[in-house]
Amino acid sequence: MDQCPCAYPDCPSTGRYTSAGSYTRSLICYSDEKIENHTICVKRLECSSCGHTHALLPSVVIPYSPFSFHFVISLLYDYITHKHGTVMSLCLHYDISVSTLYRIRRRFLDDKKLMLGIMEDAITSANAFLCGFLSCRVQEADQRLMAYFQAVGTSFLQGRCTLRLKRNPINPVPDPATSLGNGRSDAGVLSSFQEVIYHG
Ligand SMILES: [Zn+2]
């Protein structure tokens, strides 16, 4: 954390944190085509410069969302491929409302465009994009999510977002030498937490 800049807007501080306790939160995951309810412990840090506290979340946990990243990606993939036949069947399988599905879908389409840029977004189908996440190594997905966060300033698929100031191009460089599991399972993701500072 010595090199990690404070995530609060306009705070120039880097690496000056003190422990601010922790809290537990629930996380709805999706592994082996089943919904799993987990409780995770989230550490908090206080910036010594501006006094704001930040939650240390793994990059694959979507801030403010009860659903894990892979829950959402699997949901969207199943929606696009009509895996469960009807929207109602899909929502029953994932135990969500139809309005939640469409809210997630809107957020995904917006953020996909931000991640890829307008030109590439236009030629990359949602199916291919989601397939890329579902089939890639956990750490490769993590790198892409980190690159998105650093360029955009919020997490991929994060709701309640009012600030979208930085829109730099994203060029993640996947490292095939570092690999763990695949993107379809939350198990690998939950065991490979990489700490990233978000507002919390
Ligand atoms: Zn600060």
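Reader: At what angle do helix H1 and helix H5 pack?

Author: In this predicted model, helix H1 covers residues 69-80 and helix H5 covers residues 126-135. The axes of these two helices lie 10 Å apart. The helices pack at an angle of about 140°.

Reader: Is the crossing of H1 and H5 left-handed or right-handed, and which residues of H5 make the contact?

Author: H1 passes H5 in a left-handed crossing. On the side of H1, the contact is made by Ile73, Leu76, Tyr77 and Ile80. On the side of H5, the residues are Ala126, Asn127, Leu130, Phe133 and Leu134.

Reader: How many nonpolar residues are in the contact of H1 with H5?

Author: Sorted by class, this contact has no charged residues and one polar residue. The number of nonpolar residues in the contact of H1 with H5 is eight.

Reader: Is Leu130 buried or exposed?

Author: Leu130 is found in helix H5. Leaving aside neighbours within four places in sequence, Leu130 is in contact with Ile73, Leu76, Tyr77 and Ile80. A residue is buried if 20 or more other C-beta atoms lie within 10 Å of its own. Leu130 has 23 other C-beta atoms within 10 Å, and therefore Leu130 is buried.

Reader: How far apart are the C-alpha atoms of Leu130 and Ile80?

Author: Along the chain, Leu130 and Ile80 are 50 residues apart.

Reader: How many charged residues are in the contact of H1 with H3?

Author: Val72, Leu75, Leu76 and Tyr79 in H1 meet Leu101, Ile104, Arg105 and Phe108 in H3. By class, seven residues of this contact are nonpolar and none is polar. The number of charged residues in the contact of H1 with H3 is one.

Reader: Which residues does Leu76 touch?

Author: Leu76 belongs to the H1 residues that make the contact with H5, and Leu76 is also among the H1 residues that meet H3. Not counting residues up to four places away in sequence, Leu76 touches Ile104, Arg105, Phe108 and Leu130.

Reader: Which element gives the most to the largest nonpolar core?

Author: The largest nonpolar core has 31 residues, and those with the most contacts inside it are Val72, Leu75 and Leu76. The elements that give two or more residues to this core are S1, strand S3 (53-58), H1, H3, H5 and helix H6 (138-152). With seven residues, the element that gives the most is H1.

Reader: Why does His70 count as buried?

Author: His70 lies in helix H1. The C-alpha atoms of His70 and Cys29 are separated by 7.0 Å, although these residues are 41 residues apart along the chain. His70 counts as buried because its C-beta neighbours inside 10 Å number 25.

Reader: Is Arg25 buried, partly exposed or exposed?

Author: The place of Arg25 is in strand S1, which covers residues 17-31. Apart from neighbours within four places in sequence, Arg25 is in contact with Ile40 and Val42. Arg25 has 14 C-beta neighbours inside 10 Å, so Arg25 counts as partly exposed.

Reader: What is the value of phi near which His82 lies?

Author: His82 lies in the loop between H1 and helix H2 (87-94). With 11 C-beta neighbours inside 10 Å, His82 counts as exposed. Phi of His82 is positive in a residue other than glycine, with a value near 55°.

Reader: Is Asp95 buried or exposed?

Author: Asp95 is found in the loop between H2 and H3. Phi of Asp95 is near 55°, a positive value in a residue other than glycine. Asp95 has 9 C-beta neighbours inside 10 Å, so Asp95 counts as exposed.

Reader: How many helices are there in the protein chain?

Author: From the N terminus on, the elements run β-β-β-α-α-α-α-α-α-α-β. The strands number four. The number of helices in the protein chain is seven.

Definitions and conventions:
Residues are numbered from 1 along each chain as its sequence is written. This is a predicted model: local features need pLDDT of at least 70, side-chain atom pairs count only at pLDDT 80 or more; totals for chains, interfaces and linings use all residues. Axes are lines fitted to C-alpha atoms, for helices over the stretch in contact, and angles run from 0 to 180 degrees between N-to-C directions. A crossing is left-handed if the near helix is turned anticlockwise from the far one by less than a right angle, and right-handed if clockwise. Two residues are in contact if their C-beta atoms, placed from the backbone, lie within 7 Å. Ala, Val, Leu, Ile, Met, Phe, Trp, Tyr, Cys and Pro count as nonpolar, Asp, Glu, Lys and Arg as charged, and the others, Gly among them, as polar. A residue is buried if 20 or more other C-beta atoms lie within 10 Å of its own, exposed if 12 or fewer, and partly exposed in between; C-beta atoms are placed from the backbone. A nonpolar core is a set of buried Ala, Val, Leu, Ile, Met, Phe, Trp, Tyr and Cys residues joined through C-beta atoms within 7 Å.
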